[in-house]
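Subject: Structure handover and notes

Hello,

Here is the structure that I promised to pass on to you. Please open it beside this message and follow along as you read.

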Amino acid sequence: MIVRTWRARAAAENPGAYGRYFADKVVPALKRLAGHRGAWLLRREIGGRTEYLAMTLWESRDSIKAFAGDDISKSHVEPEGRAVLADFDPHADHYEVVVSPSS
């Protein structure tokens with residue numbers, strides 16, 4: 001199992017918009033992909049800004065490619081998501097799950 005993480009900062013005028021977009025558009029699209037095993041979107045206020053951390057679970061690196069393309073280190077943000085963000089990291093990180101509640 002692989003966890004993919006990615007960070008973004010919300011647009012100041014509507015800090016909750018990305019959370020709604022993620023819940024309404026991203027999660028349903030991810031559920032349709034083979035190898036996708038779950039998603040979380042975390043939010044915190046830091047330095048007067050709203051930061052998001054997306055964490056998605058994947059069966060394998062190959063299943064991530066179906067979502068992100070051949071270079072899985074690049075972030076994948078659709079135009080509708082970009083429109084409600086001030087900025088986002090251009091890369092994603094990947095971690096192998098070593099221990100989980102089900103292991």
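This is a predicted model: local features need pLDDT of at least 70, side-chain atom pairs count only at pLDDT 80 or more; totals for chains, interfaces and linings use all residues.

The mean pLDDT of the chain is 94, and 99% of the residues score at least 70. Among the elements of the chain, S5 has the highest mean pLDDT, at 98, while H2 has the lowest, at 93.

The core

The largest nonpolar core has 19 residues, and the members that touch the most others are Trp6, Tyr18, Ile64 and Leu85. At least two core residues come from each of strand S1 (2–10), helix H1 (17–31), strand S3 (49–58) and helix H2 (61–68), and H1 gives the most, with five. If you select isoleucine 64 and set aside residues up to four places away in sequence, you will find that it touches Ile2, Arg4, Trp58, Gly69, Ile72 and His94.

Helix H2

Which residues of H2 are buried? They are Ser63, Ile64, Phe67 and Ala68, and they lie on the same side of H2, because they cover an arc of only 125° around the axis. The buried residues of H2 pack against S1, H1, S3 and strand S5 (93–96), whereas the face turned away from the buried side carries the exposed residues Asp62 and Ala66. After H2 comes glycine 69, which has a positive phi, near 95°.

Aromatic residues

The structure holds six aromatic pairs. In one of them, the ring centres of tryptophan 6 and phenylalanine 88 are 6.0 Å apart and the planes are at 50°, so this pair counts as tilted. Tryptophan 6 belongs to strand S1 and phenylalanine 88 to strand S4 (residues 85–88), so that the pair links distant parts of the chain, 82 residues apart. Tryptophan 6 has a relative accessible area of 9% and is therefore buried, while phenylalanine 88, at 23%, is partly exposed. Another pair, between tryptophan 58 and phenylalanine 67, is stacked, with 5.6 Å from centre to centre and 25° between the planes. Tryptophan 58 is buried, and its relative accessible area is 0%. There is also one aromatic cluster, formed by Trp6, Tyr18, Tyr21, Phe22, Tyr52 and Phe88.

Apart from neighbours within four places in sequence, threonine 56 is in contact with Ile2, Val3, Arg4, Leu30, His36, Gly38 and Ala39.

Aspartate 71, by comparison, sits in the loop between H2 and helix H3 (79–82), and it counts as partly exposed, at 37% relative accessibility. The side chain of aspartate 71 makes a polar contact of 2.5 Å with the side chain of serine 73. Aspartate 71 and isoleucine 2 are 69 residues apart along the chain, and their C-alpha atoms are separated by 15 Å.

With best wishes

How values were computed: Residues are numbered from 1 along each chain as its sequence is written. Side-chain values use heavy atoms; hydrogens and water are left out. A nonpolar core is a set of buried Ala, Val, Leu, Ile, Met, Phe, Trp, Tyr and Cys residues joined through side-chain atoms within 4.5 Å. Buried means under 20% relative accessible area, exposed over 50%, partly exposed in between (1.4 Å probe, protein chains only). Helices (H or I, at least four residues) and strands (E, at least two) are DSSP runs, numbered from the N terminus. Contact means heavy atoms within 4.5 Å. Rings of Phe, Tyr and Trp (its six-membered ring) pair if their centres lie within 6.5 Å; planes under 30 degrees apart count as stacked, over 60 as edge-to-face and the rest as tilted. The arc is that of the directions from the helix axis to the C-beta atoms. pLDDT is the predictor's confidence in each residue, from 0 to 100. A polar contact is a pair of N or O atoms within 3.5 Å; within protein, one must be able to donate a hydrogen and the other to accept it, and residues adjacent in sequence count only if both atoms are side-chain atoms.
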